[in-house]
Amino acid sequence: MMNVEEIRTFCLSLPHVTEDVKWGADLCFCIGGKMFCVTGLDGPFGVSFKVKDDEFEELSTTEDIIPAPYVARYKWIFISNEGRFTRAQWEHYISQSYQLVKDKLPKGVKAKLD
């Protein structure tokens, strides 16, 4: 289980991560200018991130997880319960999202990060 502040701390511990508030109250974590994790600052708990293509269908049809609004076509899921994953699972999926997004960055952007 992880709350928003713990998720924020973990995301910012990853190399070259920046944070930004978009759309009024969404805290976005980015690598190379591309989002890999988004959570709300206000309202009920909710976190979105990218997953592997082969994990998307299984995860997005389980309790407390749905395809993420607006970005599901990119294999993003939305989790509405902070207790849905263990701390290790949260860290795994957030790290994986970070890596999936980083791997798709243009070569020039990746070169500046390494």
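1. Aromatic pairs. This predicted model contains 6 aromatic pairs, where rings of Phe, Tyr and Trp (its six-membered ring) pair if their centres lie within 6.5 Å. Planes under 30 degrees apart count as stacked, over 60 as edge-to-face and the rest as tilted. The ring centres of F49 and Y93 lie 6.1 Å apart with the planes at 10°, so this pair is stacked. F49 belongs to strand β4 and Y93 to helix α3, so the pair links distant parts of the chain, 44 residues apart. Both F49 and Y93 are buried, a word that means under 20% relative accessible area, whereas exposed means over 50% and partly exposed in between (1.4 Å probe, protein chains only).

2. For F85 and W90 the ring centres are 5.2 Å apart and the planes stand at 85°, so the pair is edge-to-face. F85 counts as buried because its relative accessibility is 4%, and W90 counts as buried because its value is 0%. F45, F49, F85, W90 and Y93 form one aromatic cluster.

3. Basis of the model. Residues are numbered from 1 along each chain as its sequence is written, and the model is a predicted one in which local features need pLDDT of at least 70, side-chain atom pairs count only at pLDDT 80 or more, and totals for chains, interfaces and linings use all residues. Side-chain values use heavy atoms, with hydrogens and water left out.

4. Confidence. The pLDDT is the predictor's confidence in each residue, from 0 to 100. Its average over the chain is 94, and 100% of the residues score at least 70. Confidence is lowest in helix α4 (residues 107-113), with a mean of 88, and highest in strand β4 (residues 47-50), with 98. Helices (H or I, at least four residues) and strands (E, at least two) are DSSP runs, numbered from the N terminus.

5. Strand β4. Which residues of β4 point one way, and which the other way? V47 and F49 point one way, S48 and K50 the other, and all are buried. In a regular strand the side chains alternate between the two faces of the sheet. Two strands pair if DSSP finds at least two bridges between them. Strand β3 (residues 34-40) pairs with β4 in the antiparallel sense over 3 bridges, and C37 stands opposite F49. These two strands form a hairpin with 6 residues between them, where G43 in the turn has a positive phi of about 80°. β4 is also joined by 4 bridges to strand β6 (residues 76-79), again running antiparallel, with K50 opposite W76.

6. Strand β2. In β2, 5 of the 6 residues are buried, and the strand is mostly covered. Strand β1 (residues 17-22) pairs with β2 in the antiparallel sense over 6 bridges, and K22 stands opposite D26. The hairpin of β1 and β2 has 3 residues between the strands, and W23 takes a positive phi near 55°. β2 and β3 run antiparallel and are joined by 6 bridges; the bridge partner of C30 is M35 in β3. Their hairpin has 2 residues between the strands, and G32 in the turn has a positive phi of about 60°.

7. The nonpolar core. A nonpolar core is a set of buried Ala, Val, Leu, Ile, Met, Phe, Trp, Tyr and Cys residues joined through side-chain atoms within 4.5 Å. The largest one has 28 residues, and I7, F36, F49, W90 and I94 have the most contacts inside it. At least two residues of this core come from each of α1 (4-13), β2 (26-31), β3, β4, α2 (53-60), β6 and α3 (87-103). The most come from α3, which gives 5 residues.

8. Helix α2. Where do the buried residues of α2 lie around the axis? The buried residues are E55, F56, L59 and S60. They cover an arc of only 115°, which puts them on the same side of α2; the arc is that of the directions from the helix axis to the C-beta atoms. On the other side, D54, E57 and E58 are exposed. The cover over the buried residues of α2 includes β5 (65-67), β6 and α3.

9. Residue K102. K102 lies in helix α3. K102 is buried, because its relative accessible area is 15%. Leaving aside residues up to four places away in sequence, K102 touches I31, K110 and D114, where contact means heavy atoms within 4.5 Å.
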